[in-house]
Amino acid sequence: MSDVLTDPRPETAAETATKVVDCDIHPSFRTPTEILDYLPSRWRDHARAFGIRPPNSMTGALAYPRMGGGMRQDAWPPTGGPPASDLEFMRAQHLDPLNIEVGILHCLNPGPSLMDLDFSAAYCAAMNDWQVDRWLSQEPRLRGTIVIPQEDTAAAVAEIEARATDPRFVQVAFVPRGIEPSGRRRYWPIYEAAAKHGLPVAMHTAPYGWRENTGAGNASFYLEEHYAVANPIQSAMTSLIFEGVFERLPNLKLVLVEGGFAWAAPLMWRMDREWARMRDEIPAVRRAPSDYVRRQVWLTTQPVEEPPRNADLKHLIRWLGADRIMFSSDYPHWDFDDPHRAFRIGLKPEEKSAILRDNARAVYGF
Amino acid sequence: MGKHVICRLEELPPGSSRRVDIEGREIAVFNDEGRLAALGNRCPHEGAELCHGLIRQFFAAEGAGEYEGTGKRMLRCPWHGWEFDLSTGQSYVDPARVRVRAFDVDVAPGEGLSEGPYKIDVYQIATEEDYVVLTI
Amino acid sequence: MSTLTIDQPKQDLRIAGLGAVDCDVHPRLPMRADLMPYLSDYWQDMFPYRAIDRMELVGYPVGTQPFNRPDCEGGNKDVSALAKAHLDPLDLSGAILNVVSGAQGFYDPYLQAAACEATNRWIAAEWLDRDPRLRASLLVPFRHPEAAVEEIRRYRDDKRFVQVLAMGMGEEPLGRRTFWPIYDAAVENGFSLCVHGGSVFRHAPTQSGWPSSLTEEMVHWSQAAANSVASLLSEGVLTRHPELKVVMAESGVSWLFATIWRLCKEWRGIRLEVPWLKESPEIVIERQIRMTTAPLDAPPGGPEEMAALMACTGSSDQLLFATDFPHDHGGDLGVWPKELPQDWAADVARNNVIATYPRLEL
């Protein structure tokens with residue numbers, strides 16, 4: 001029975017030789033206050049005097065505390081500091097053994113969601129400087145994601161303009177739990193700026209935001225919250241479609257990160273059905289919603305869903321298309337996926353290379 | 001099947017673990033509060049090295065909020081937290097389909113180790129010390 | 001490539017003749033004048049005095065176009081119209097009436113209770129008493145669980161009420177302990193639980209606020225249904241009551257497989273947080289979660305793909321036939337949905353329904 005799992009087979013020579021693009025790596029500060037070194041003194045003083053205030057209920061713990069501190073237990077660098085704070089160890093544990101040709105950084109940080117908009121702009125600029133200083137200038141395989149103060153549209157566009165000429169930054173980060181749905185008009189200049197520079201917009205799931213995490217209020221358990229973190233990227237994709245953003249910006253690329261991908265197929269079917277019967281309400285949406293998804297949206301794989309019968313994953317790949325999904329590991333977090341073991345079905349070789357590498361090469365032009 | 005001397009017992013103090021590679025196998029050996037245990041080192045799920053996992057008791061609950069320690073020792077995979085019975089290697093979350101191999105592991109006095117079936121590649125055996133011996 | 005082969009006959013299958021039970025039918029909303037005879041003297045004073053009349057949810061706007069088939073105008077205004085427009089032509093052996101109204105939208109817990117009670121009495125007197133094919137969902141005030149429990153007990157012997165109706169986006173996530181007395185009373189008296197699409201707008205329908213269009217908002221009903229399943233599962237409601245069936249109504253069908261796949265993965269890594277959840281989620285969900293078939297949000301490709309989808313979800317036993325009458329999903333209501341294998345019809349239209357509702361006597 002192919003579903004029985006015992007001691008796993010060793011990786012084959014072909015797997016070891018496969019080059020991989022990892023669309024989601026999370027670098028970390030060495031110390032909680034490392035960002036202060038990258039802030040101008042005016043904001044360093046502000047942070048010390050008044051704190052760093054996003055709409056998160058506490059500092060020093062998460063309101064939905066994670067298993068194992070949210071980390072791979074083997075990812076703590078022997079030299080000290082938190083997981084993914086040490087480039088040397090990241091190379092030895094992750095980039096080298098998995099044969100990663102490009103790893104794209106996502107800095108999970110409060111900058112885009114700070115309630116003080118001027119501090120938000122300063123914090124995001126500091127995050128981008130930190131990415132360059134600590135990672136992008138040190139390791140040519142790593143690429144950056146431009147962090148922006150998204151609730152201050154003009155400042156966000158200015159930050160994109162300031163970084164867009166640096167080829168080490170390959171996309172713009174937009175937190176899908178903004179003050180308004182992601183496709184609303186206030187955010188359009190951000191998408192226009194990204195599209196103008198040919199930078200995809202990457203939306204990564206977020207553990208807190210301005211609203212409750214379900215339409216019925218906040219869930220109780222991390223189990224539910226970790227399920228619901230996939231909701232905002234679903235909502236963001238829906239919003240960009242129904243607000244007409246993809247219709248206006250046919251060159252805009254949207255990459256949805258760390259929400260898995262099984263939901264995308266039924267969501268396309270549902271959107272198409274509702275659009276077909278209610279399109280008079282939303283005349284700016286001129287095509288079936290799934291057309292925009294197939295033209296302009298990609299999903300990263302992690303956390304790969306685990307069907308009770310592994311083989312059922314084949315149905316999903318057929319419904320969604322192997323051209324829509326790009327491998328991501330989420331290193332160094334606990335729900336990390338291994339490129340050669342996360343898909344426990346026999347993918348065709350061309351599907352596997354598309355998912356592990358080729359789709360990302362095409363989307364980002366590597 | 002053979003018996004392998006892994007290390008001196010003092011090199012595997014309580015609360016520690018180590019990976020050993022024997023006969024082409026990776027094996028994780030644990031000293032759980034003085035009791036030794038050994039499991040295949042790779043998690044059947046995505047291949048994490050179980051020697052980095054935590055050993056804790058199994059918590060059960062009859063109803064919501066009624067947490068109850070059972071005393072049963074479980075290994076938590078260092079990546080995705082899947083729990084394995086430390087003595088049998090059986091998975092809690094998918095017992096019918098998932099299991100890691102468990103191996104016999106014991107403490108043996110140095111005296112006598114230089115004779116019989118033991119495979120000693122690395123160590124100079126001192127008769128006054130105790131050694132960790134794995135049967136594979 | 002699908003391993004499932006469906007031999008679908010070319011000709012349409014008529015609903016008439018199946019002895020079908022329609023598990024989601026919507027009578028018109030009661031107005032103040034309808035409810036007045038069923039209110040206490042205090043609320044008979046207050047309803048007109050405080051201008052309470054139409055009670056239509058913006059998060060479930062039944063007066064709008066998508067909620068009204070153009071060929072059924074007035075078809076849900078009273079029992080005889082419903083019989084003529086729907087029950088007779090489909091030769092239904094039963095139909096479950098769902099009133100999704102502002103009765104559960106008031107903030108005042110006593111007003112919510114009064115509106116629910118009056119609506120139930122109106123449904124019993126004006127609908128159930130007048131056609132033996134009709135059944136209904138019981139409205140209860142989730143903002144006042146003690147009163148909800150009383151209402152459930154009051155209808156213990158009136159088995160025409162087969163389930164308790166909850167909003168998909170209501171006061172709080174449905175699994176919360178606050179609501180447990182409601183579920184305990186429901187199970188004690190053989191009621192199932194219906195989680196119906198729509199919102200009372202206690203919370204924004206998305207994690208980043210309020211969508212601009214009704215279209216975009218209604219897309220989110222499936223997401224709300226998925227979160228309700230996650231809540232009922234994680235909080236331990238489903239495993240506290242393994243005999244309880246939960247019917248996800250008017251929320252689509254195809255989302256559930258993705259929810260199961262992800263919840264299975266979550267549980268394997270996070271079950272330590274909820275050790276009372278001892279079974280893998282797919283086992284609990286296949287045993288207890290049911291879905292109505294309108295709308296389906298079926299995969300393109302016909303019944304063969306639908307069969308693959310339900311194999312990914314669990315089994316076709318999780319489906320309950322419904323038309324969502326008079327809401328407008330197009331098509332010919334008298335014909336078995338083209339997306340569904342015809343050889344499922346006997347089970348989906350009738351047998352699964354009987355197995356889902358212990359109180360349903362046909």
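Start in chain A by selecting residues 20-25 and 100-105: these are strands β1 and β2, which run parallel and are joined by four bridges. Strands and helices here are DSSP runs, numbered from the N terminus: a strand is E over at least two residues, and a helix is H or I over at least four. Two strands count as paired if DSSP finds at least two bridges between them. Zoom in on A:D22, whose bridge partner in β2(A) is A:G103.

Before going on, a word on what you are looking at: this is a predicted model, in which local features need pLDDT of at least 70 and side-chain atom pairs count only at pLDDT 80 or more, while totals for chains, interfaces and linings use all residues. Residues are numbered from 1 along each chain as its sequence is written, and chains are lettered from A and ligands numbered from 1 in the order in which they are written.

Is β1(A) mostly covered or mostly open? Six of its six residues are buried, so to speak under cover. Buried means that 20 or more other C-beta atoms lie within 10 Å of a residue's own; exposed means 12 or fewer, partly exposed lies in between, and the C-beta atoms are placed from the backbone.

**The sheet of chain A**

Now show every strand of chain A. Eight of them form an open sheet with parallel pairing, in the order β1-β2-β3-β4-β5-β6-β7-β8. β1 and β8 (325-326) of chain A are the edge strands with a single partner each, so one side of each has no neighbour in the sheet. To see the β8 end, select β7 (residues 297-300) of chain A, which is joined to β8(A) by two bridges and runs parallel to it. Here A:L299 stands opposite A:I325.

**Over to chain B**

Colour chain B by secondary structure. How many helices and strands does chain B have? You will find zero helices and ten strands. Seven strands of chain B make an open sheet with mixed pairing, ordered β2-β3-β4-β8-β10-β1-β9. At its edges are β2 (17-22) and β9 (118-119) of chain B, each with a single partner strand, so one side of each is left without a neighbour in the sheet.

Select β8 (residues 102-109) and β10 (residues 130-135) of chain B: they run antiparallel and share six bridges. Two pairs to look for are B:D106 opposite B:V133 and B:V107 with its bridge partner B:V132. β8(B) also pairs with β4 (residues 35-40) of chain B, antiparallel over two bridges, and there B:L39 stands opposite B:A102.

**Where the chains meet**

Show chains A and B together: 18 residues of chain A are in contact with 19 residues of chain B. Contact means that the C-beta atoms of two residues, placed from the backbone, lie within 7 Å.

Next, bring in chain C. Its contact with chain A takes 59 residues from chain C and 58 residues from chain A. On the chain C side, select α10 (256-270), which gives the largest share, ten residues.

**Last stops: the core and chain C**

Which residues touch the most other members of the largest nonpolar core? Among its 259 residues, they are A:V172, A:A194, B:V29 and C:V164. Such a core is a set of buried Ala, Val, Leu, Ile, Met, Phe, Trp, Tyr and Cys residues joined through C-beta atoms within 7 Å. Its largest share, eleven residues, comes from α4(A). Centre on C:V164: leaving aside neighbours within four places in sequence, its contacts include C:I152, C:A186 and C:F191.

Finally, find C:A355 in helix α13 (residues 345-356) of chain C. C:A355 is partly exposed, with 14 other C-beta atoms within 10 Å. C:A355 and C:A186 lie 169 residues apart in sequence and 16 Å apart in space, C-alpha to C-alpha.
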